[in-house]
Amino acid sequence: MQLIVFDLETTGLSPQYHDIIQIAAARVQVGEWIVREQFASFVRPPGGRVPGHITALTGIRPEHVADAPAPAEALRAFSRFAGEGALLIAHNGRRFDLPFLRASCERHGLAVRDNAFLDSCTLSRHLWGGRGGHGLDAVMARLGLSGDGLRRHDARDDVALLAEAVRRMWTRLDVNGSGCPVPTTTGLLPLAD
């Protein structure tokens, strides 16, 4: 089974009013747990604006996005990378990443396709129930993962951390090697054209 672990960085928290400014993803083969391929792209938001508080959080500055692909182009490239049949995984993706993908596709007139999706918070909830929250930092602490040398809230580094967190949670839950250890839902990707 192939996984596409991905993360988005945005200009704010509202899919309706804010834009994607970075997409990163890693292709992982279950069982081998080796990152096979990586994808990363800045995305040029309309007007090229990156709010100062977002720059402080992510390190993404207007000059990073000035010559980046337009949203439709970046989203199609991400969809081509993901391909057909892989399971999409994002952390808190049901509440954040998927709504941003949907809103951005609608805003830019991109048709979408259904794709299997797993919010990695589901893995965390199956392991630890309601204790201590399920944000990526809490999951990393429980798993003993260090972010030393990586910038949190840079999609490229967050994907690396999440891929390792998913590996550790998945293998704890799937002791028999029988496949995805938790139920998946339906996500979406733009048609790649």
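This is a predicted model: local features need pLDDT of at least 70, side-chain atom pairs count only at pLDDT 80 or more; totals for chains, interfaces and linings use all residues.
The crossing of α6 past α7 is left-handed.

The residues that make this contact can be listed helix by helix. From α6 come L136, V139, M140 and L143. From α7 come D158, L161, L162, A165, R168, M169 and R172. Sorted by class, the contact of α6 with α7 holds eight nonpolar residues and three charged ones, with no polar residues.

The pair belongs to a chain whose secondary structure amounts to seven helices and six strands. Read from the N terminus, the order of elements is β-β-β-α-α-α-β-α-β-α-α-α-β.

What of the chain as a whole? A compact globule of 193 residues would have a radius of gyration near 16 Å, and the chain has 16 Å, so the value agrees with that of such a globule. Along the principal axes, the C-alpha atoms fill a box of roughly 50 × 35 × 30 Å. Of the 193 residues in the chain, 49% are buried.

Contacts within the chain can also be sorted by separation in sequence. Taking those between residues at least 6 apart in sequence, 70% join residues at least 24 apart.

Notes. Residues are numbered from 1 along each chain as its sequence is written. Side-chain values use heavy atoms; hydrogens and water are left out. A crossing is left-handed if the near helix is turned anticlockwise from the far one by less than a right angle, and right-handed if clockwise. Helices (H or I, at least four residues) and strands (E, at least two) are DSSP runs, numbered from the N terminus. Contact means heavy atoms within 4.5 Å. Ala, Val, Leu, Ile, Met, Phe, Trp, Tyr, Cys and Pro count as nonpolar, Asp, Glu, Lys and Arg as charged, and the others, Gly among them, as polar. The radius of gyration is taken over C-alpha atoms; the globule rule is 2.2 Å times the number of residues to the power 0.38. Buried means under 20% relative accessible area, exposed over 50%, partly exposed in between (1.4 Å probe, protein chains only).
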